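Colleague: I would like to go through this model with you. Please show it, and then I will ask about it piece by piece.

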Amino acid sequence: MSVRRHLGAASLVLLLLVYPFADAALGLQTVHAVSDGMIYVLLALGLNIVVGYAGLLDLGYAAFFAIGAYAMGLLNSPVLGSPFYGHAWSFWLCIWIAAAVSALLGAVIGAPTLRVRGDYLAIITLGFGEIIPVAIRNLGDVTVEITGWRPVERLNLTGGENGVNPVGRPYLPGVPFETDPIPWYFLILVIGAASLWAMNRLRDSRLGRAWMAIREDETAADCTGVNPVSTKLLAFALGASFSGFAGSVYAAKLQAITPGAFEFQVSIMLLCMVVLGGAGSLRGVVLGAMLITVFDRVILAQTTFLVRGIGRTLGVPALVALDLTLWRWFFFGLGLVLVMLLRPQGLAGRRVQPVVDAEDDTAPIVPEPSAPPRIDVVPAWLRAAPGREAALLDVRGVTRHFGGVVALNHVDLRVPGGAIVGLIGPNGAGKTTFFNVVTGLVRPDEGRLEFAGRSLLRLRPNAIVGRGIARTFQSIRLFAHMSVLDNVLVGEHCRLDAGVGGAVLRPARVIAEERRARERARELLHFVGLLGKSDELARNLPYGDQRRLEIARALATEPRLLLLDEPTAGMNPRETEALTGLIGLLRRDLALSILLIEHDMEVVMAISDRISVLDYGTLIAEGTPAEIQRHPRVIEAYLGTGYEAELAARGAPR
Amino acid sequence: MAGARRTLGGMGGHLWAPHFRMTAWEILIQQSINGLTRGAVFALIALGYTMVYGIIELINFAHGDVFMLGLFISLAWFTLLGVSGALSPWQLVTLLPLVLLLTMLSTALLNVAIDRLAYRPLRRSTRLAPLITAIGVSFMLENVALLWKGPAPIAYPDIFPSVDILREWFGIESAIFVTTKDVLVVAAAVPLMLGLHHFVTRTRWGKAMRATAQDRETAQAMGIDVERTILITFFVGGALAGAAGLIQGMYYNIGQWWMGYQAGLRAFTAAVLGGIGSMSGAALGGILIGFLSAWSDQYISARWTNAIVFAILIVVLVFRPHGLMGDRTVEKA
């Protein structure tokens, strides 16, 4: 198998190396077209980082292509007329500048989109995609007039509608870039191969996992220690930098650029390539880009030729006059619709194929019994980490309004180190809001939050994770289309520090860090009894296992305080029992403090050291389980007057 | 690749250029009148965006192209009925309403068909999937128009008499130019909007729409046929876009295959500015964007108007995503 794969790869490399010479020998003259196609492949790969990995729909990616091309054009053109012109810098320098400028503008354009998600983000990128060509057109002739005074008159910054012409070629001694398409082919091949190599490594790195976590569930990623701001900006910047390379090579190869080459349609064509091949899959994107380029350049023209021939022999004038190349955008539109309807995951699909069909959420998942958590496999690193001794969460007077509703009203709550504190109350009492305040998702209107002696106020959720507070969610929020192991690895994100350079170059330090991270993740999975399922997609786990995976993910952040939001909700008695055991283990063996929202009174009363009761956002009682069970206000507001009698009457659990 | 697409400055070749002897105030008033007529058309289109977004949280990217096809379809109906020049007063009260109805019906059915074929199968999919198909549909519609009518701007017959009202009816000598066409735009758009308001607030179907927009599951549980409600939404939105297309054609006497994309983005900006999901917000936003684009044409440069409108869109989306009149719950995570 592996021999065959290597053979396949080797023959592909051989084919790519021999192709231009074979083309020249046979006189086919296709090298130019193939090189142009490869530029689009490179662009599609860059877009894939944004759309496929980070899940941010970018409808204006051609803007970065334009920026790369214009950076090259303006710095490497001998044409005078603008302050940028006249210093034809070397291509080899400009290509890096172009990539850097694109990356910078990627971050600049990405910055305002960080506050919005989904389709709004798409529209913002579309807006930028529109503004950039308009700006390039208009900056070719800038006159500023303020009541008759003209500080700037007819300034040509970008060449306007006519663009920049000529653009300098690369210079290498003895290499005929002027006359021969073959050096261009190899130049683009080298850039493309290097980009693929880098992207492949990025995908399988701490950073790649963070992008995918953002794609799957931004809030959950934030609460697992992934900083969505920097992660998204990095996706925009890196994605843009690849288009900077592509744009600068494009400008130098074409020798001329005009603003018309970077319109909305180009963005959509690139999106077509990514979606058709399968967003997130490198092989798919390359395949999609090649298919669309071939379709655009070859199939449309050839089919037109063929249909016209048929028309002539049959004597049908309509067919003779047909020009299918006019229909290209129609076909791209149709392609987008058909791919989304028939195969939304694209031709190559995702790297990890879902076991259960994506549309089939209702399919009954047979709950396979997973091994219960075991005391003897508590990961040593989790148990023994120094400086991770239990700490105190101290919340004082926290208040939060939503409109006119007081969700939290001067709530005080303390979780002493190593304690299990239950937080109970009727639905809508503000329990989850309290969690959201502690984890930074919701800012309190007033009040103090201190953990281990330091304030948590105004910290981002991911920074609070860094301080040692991890949580689970009431409605499980796993990274559904990532593997079980990757889910846990995302949890370790904030304890690792490989950056872009580390991810791509993989020095020994990063390799060791990654190996250790995987070991730890496996130990954690072993501990919660999910080791056998580490390669499954999280979404395919049975319900109880998903709860446990969420806890494993939270533990991977090396917390000192764990917030569990209704961990036994929807579980059957057996699963509940296993989970209760696990929570007890965590406290006993890991010296973890736990704050627990739970409606199952047996669980709460059995494992909590102290219990706080919220009602309408106000703390109405605090005490030991025994005190709470007899507290008149708690009985009135929550437990119900018959509770005590019922508890006494019920012998066996449920 | 498609350089010819947006070489015209603003939307459509604009009729009016400032008289060389106008005072600053007259220019402002004139451009505001222009803005109002433009804005009325944007508002009609924006209503379609906002209704669909309100109910299924989809930016119906193809909606602007339905408007564009509305212009072409209305032209086809006029041609079919043998109209090629100015209408007589009798025709104005018989033929014009008939063509308006036929056009609205055509684009309404087109919009419903788009929903059935391209969006409905993706109701339970991710939110981005129908947005991507909407872009695909938009491209298909544009290219259908391109192949139907060709790339050059087409002349829309000047069927509505243009009378300089101030001068000829009131005998006021003024540099400001208000024609019967300006009145037509407002006189057609306002009743349509009032009708929609009545429909949404006073009828059973309207109530079903509002309920579905608030909470689809609950509406379903209360016995509302959600799919039929969505169908009605697309029908009404498409009808308004068709009316806007007819009005645009009669006012500017020009049409081109890419105008739907342009107008669509401005109308979408209007919907967002007003607060997406809010009908009155869409109407208000449309008028505002009309004013802003007319003023930008005058005081900055028509070349920059597009960039300015998009900048407004971005600023609103980033800093006030619920718009001027929308509620704060629009963008659900």
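**Contacts, core and confidence**

Modeller: To start inside chain B, B:Ile45 touches B:His63, B:Gly64, B:Phe67, B:Ala241, B:Ala244, B:Ala263, B:Gly264 and B:Ala267, leaving out residues up to four places away in sequence. Two residues are in contact if their C-beta atoms, placed from the backbone, lie within 7 Å. This is a predicted model, in which local features need pLDDT of at least 70 and side-chain atom pairs count only at pLDDT 80 or more, while totals for chains, interfaces and linings use all residues. Residues are numbered from 1 along each chain as its sequence is written, and chains are lettered from A and ligands numbered from 1 in the order in which they are written.

Colleague: How many residues are in the largest nonpolar core, and which element gives the most to this core?

Modeller: A nonpolar core is a set of buried Ala, Val, Leu, Ile, Met, Phe, Trp, Tyr and Cys residues joined through C-beta atoms within 7 Å. A residue is buried if 20 or more other C-beta atoms lie within 10 Å of its own, exposed if 12 or fewer, and partly exposed in between, with C-beta atoms placed from the backbone. Those with the most contacts inside the largest core include A:Leu270, A:Met273 and B:Ile45. The core has 291 residues, and the element that gives the most, with 16 residues, is H11(B).

Colleague: Which helix supplies the largest share of the side of chain B that touches chain A?

Modeller: In the interface, 36 residues of chain B are in contact with 38 residues of chain A. Helix H4 (128-149) and helix H11 (279-319) of chain B each supply at least two residues of that side of chain B; helices (H or I, at least four residues) and strands (E, at least two) are DSSP runs, numbered from the N terminus. The largest share, 13 residues, comes from H4(B).

Colleague: By class, what does the side of chain B that touches chain A have?

Modeller: Ala, Val, Leu, Ile, Met, Phe, Trp, Tyr, Cys and Pro count as nonpolar, Asp, Glu, Lys and Arg as charged, and the others, Gly among them, as polar. On that basis, the side of chain B that touches chain A has 25 nonpolar, 7 polar and 4 charged residues.

Colleague: Which element of chain B has the highest mean pLDDT, and how many of its residues are buried?

Modeller: pLDDT is the predictor's confidence in each residue, from 0 to 100, and chain B averages 85, with 91% of the residues scoring at least 70. Helix H5 (residues 165-169) of chain B has the lowest mean among the elements, 80, and H2(B) the highest, 95. The element is H2(B), and 15 of its 18 residues are buried.

Colleague: Where in chain B is the pLDDT below 50?

Modeller: One stretch has 33 contacts in the model beyond near neighbours in sequence, and another has 11 beyond four places in sequence. Where pLDDT is low, the predicted coordinates should not be read in detail. The stretches are residues 1-16 and residues 328-333.

Colleague: Is helix H20 of chain A enclosed or open?

Modeller: The 14 residues of helix H20 (residues 543-556) should span 20 Å, and the end C-alpha atoms are 20 Å apart, which agrees. Of these residues, 13 are buried, so H20(A) is largely enclosed by the rest of the structure.

Colleague: Which peptide bond is cis, with omega near 0°?

Modeller: Most residues other than glycine have a negative phi, and most peptide bonds are trans. A:Pro166 is found in the loop between strand S2 (149-155) and helix H6 (181-203) of chain A. The cis bond runs from A:Asn165 to A:Pro166.

Colleague: What is the phi of A:Gln255, and what is that of A:Arg506?

Modeller: A:Gln255 is in the loop between helix H9 (228-254) and helix H10 (264-277) of chain A, and A:Arg506 in the loop between helix H18 (500-505) and helix H19 (508-528) of chain A. With 15 C-beta neighbours inside 10 Å, A:Gln255 counts as partly exposed. Phi is positive in both: near 70° for A:Gln255 and about 50° for A:Arg506.

Notes: The expected span of a helix is 1.5 Å times one less than its number of residues.
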